[in-house]
Amino acid sequence: MAKKKPEELRSHRWYGAEDMRSFGHRSRTKQQGYAAQDYAGKPVIGIINLWSEANPCHTHLRTRAEEVKRGIWQAGGFPMEMPALSPGETIMKPTTMLYRNFLAMETEELLRANPIDGAVLLGGCDKSIPGMLMGAASMNLPAIVVPAGPMLRGYWQDKTLGSGSDVWKYWAEKRAGNISDKEWGEIEDGIARSFGTCMTMGTASTMAAIAESLGMTLPGASSIPAPDSNHSRMASLSGRRIVEMVWEDLKPTDLMTTRAFENAVRVAMSMGGSTNSIVHLIAMAGRAGAELDLDKFDALSRATPFLCNVRPSGKYLMEDFYYAGGIRALMVQLRDLLHLDCRTANGKTLGDNIEGAKVYQEDVILPRNKPLAPEGGVAVLRGNLCPNGAVIKPPAVEPHLLKHSGPAVVFKDYNDMNARLDDPNLNVTKDSVLVLQNAGPLGGPGFPEWGQLPIPQKLLKQGVRDMVRISDGRMSGTSYGACVLHVAPESFVGGPLALVQEGDIIELDVAARKLNLKVSDAELARRKAAWKKPAPKYPRGFGLLHSLHVTQADKGCDYDFLEGRAPIPEPEIH
């Protein structure tokens, strides 16, 4: 492979000319204490670092950035750390999904506006990796992801705790009166024992695995626990590798191809990955110029076995998954289903990278002849209630609810649900279908994780722990239950979900991929004619920009003006 010459580096336009502007760039770099020998003729590597005190999952990323820099220096590059918006899932409101595209824009523009030749993308909490990869794909400079890594498993008494999943589980038990305030406090103290992302198969772990299966990390990088010393070494090795990628001109669109996205879907489905991965993958594919839609997602899921026994759809946690062999071992189990010739960030093929990997604990990563389920972890539904699609996570559903009909209990929005859910007089039974409207990309606003509607308290006290719930919102990848999500079009824009009324019969058939409202077309047309468009959520600011340009769930919720591969001119330097 031909190697770039120093004068062909993008940063040469800033640093290499003999004019007044380049004088300013060089002198201001020296102002920071660097000598010309530190940066002259060397690849400048932008480290997009999502460290923030408002994002506890990224507590260690200051240290990891220094380790990345060590690798960059060793390989003959010049690191330039640049902080960006850190979408911390546990604290940021109303939802980090409102800001994923903001991060994508910031990543793209930071790389474009500065003398950057290649990028290390340093983050992990749910929207971090998709946001950065969307921006990196649009800018299309050499880039590599350093995933933040999962935290250590939690403990309470003699029980192992998984973040998110066990929060919902024990909160339900507390509302049912089965655990005390003291015990609830003990769970709070023991569930998050270290820095790192959720250690269940939530969105963070799913998106890290997707980044690796797309070829955008070093082999095995996605499943290393955040506190493990292997994680530090991976960060430094990634710093070394990005310098080589710049000389080789190995860019995101060389790796993030349609075939690579098919690999990513297969891996996510075999892991029982987050339903959020659908929205992110479709958006990322759109930025990279690859082909991916809901129908392809469902087809690949149907033809991919579910092998990863990790919560919320299984028993174990990400730490166990790593010790069992990690993602390379899982991909070996799937090798006949994957495009092994896809190129990856280390310059080798996916097949090269998984060669020799072994499964060490077959109860964690199951063999193909003993899958947890014959199909993947997500199903795409169609019907008159979701003409543009909806999704559900079948392995997380109590089996008797996979085919179900029941009367709707309708909540107009989240506040309505909060006010009425635990009312003893609420007309609800275990066979009811809970419906939450106005939780979508516009209605939430921002597509919040409200889709795992709580079970009404009076049913909890009767022993009910799952029931069919439908919304146009999302749910956390750590969530579980018979939750139909991402109903499109959303109710806020007049989709059929807006027309559901109390007592309407809703029919769910996961095997047939059907979700239907048992109301005549004529009656739905009458209701649609009477429906009134709600007032916009935002009168100004970023929220207004979001409202004007976000696409629906089935299209990835990107902004329409960010989609595609239309070229943008390089900035003028004068």
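**Reading a predicted model: a helix and its surroundings**

Mentor: Let's begin at glycine 215, which comes after H9 and has a positive phi, near 90°. This is a predicted model, where local features need pLDDT of at least 70 and side-chain atom pairs count only at pLDDT 80 or more, while totals for chains, interfaces and linings use all residues. Residues are numbered from 1 along each chain as its sequence is written, and side-chain values use heavy atoms, with hydrogens and water left out.

Trainee: How many residues of helix H9 are buried?

Mentor: First, the general idea: buried means under 20% relative accessible area, exposed over 50%, and partly exposed in between (1.4 Å probe, protein chains only). In helix H9, 11 of the 11 residues are buried, so the helix is largely enclosed by the rest of the structure. Among them are Thr203, Met207, Ile210 and Glu212.

Trainee: What covers the buried residues of H9?

Mentor: The cover includes helix H6 (128-139), strand E4 (143-147), helix H12 (258-270), helix H13 (276-288), helix H15 (318-323) and helix H16 (326-333).

Trainee: How do I describe two helices that pack together?

Mentor: Two packed helices are described by the angle between their axes and the distance between the axes. The axes are lines fitted to C-alpha atoms, for helices over the stretch in contact, and angles run from 0 to 180 degrees between N-to-C directions. Here, H12 and H13 pack at about 170°, and their axes are 11 Å apart.

Trainee: Which word describes how H12 and H13 run relative to each other?

Mentor: Angles under 35 degrees count as roughly parallel, over 145 as roughly antiparallel, 65 to 115 as roughly perpendicular, and the rest as oblique. H12 and H13 are therefore roughly antiparallel to each other. Contact means heavy atoms within 4.5 Å, and Phe261, Ala264, Val265, Ala268 and Met269 in H12 meet Ser277, Leu281, Met284, Ala285 and Ala288 in H13. The residues of this contact of H12 with H13 divide into nine nonpolar, one polar and no charged. For those classes, Ala, Val, Leu, Ile, Met, Phe, Trp, Tyr, Cys and Pro count as nonpolar, Asp, Glu, Lys and Arg as charged, and the others, Gly among them, as polar.

Trainee: Which residues touch the most other members of the largest nonpolar core?

Mentor: A nonpolar core is a set of buried Ala, Val, Leu, Ile, Met, Phe, Trp, Tyr and Cys residues joined through side-chain atoms within 4.5 Å. In the largest core, of 84 residues, Ile48, Leu121, Leu133, Leu214 and Phe261 touch the most other members. Not counting residues up to four places away in sequence, leucine 121 touches partners including Ile48, Met132, Leu133, Ile144 and Val146.

Trainee: How many disulfides does a search of the whole structure find?

Mentor: A disulfide is a pair of cysteine sulfur atoms within 2.5 Å, and the search finds zero. Cysteine 308 is in no disulfide, as the nearest cysteine sulfur, that of cysteine 198, is 15 Å away. Cysteine 308 is also buried, at 0% relative accessible area. The sulfur of cysteine 483 is 15 Å from the closest cysteine sulfur, in cysteine 386, too far for a bond.

Trainee: Is serine 223, in its loop, buried or exposed?

Mentor: Serine 223 sits in the loop between H9 and helix H10 (229-248), and at 3% relative accessibility serine 223 counts as buried. Its contacts, leaving aside neighbours within four places in sequence, are Pro150, Phe321, Tyr322, Gly326 and Ile327. For contrast, glycine 177 lies in the loop between helix H7 (165-175) and H8, and glycine 177 is exposed, with a relative accessible area of 59%.

Trainee: Where is a peptide bond cis, with omega near 5°?

Mentor: That bond runs from lysine 93 to proline 94, and proline 94 is in the loop between strand E2 (78-83) and helix H5 (100-113). The bond from alanine 488 to proline 489 is cis too, with omega near -5°.

Key: Helix = DSSP H or I, 4+ residues; strand = E, 2+ residues; numbered from the N terminus.
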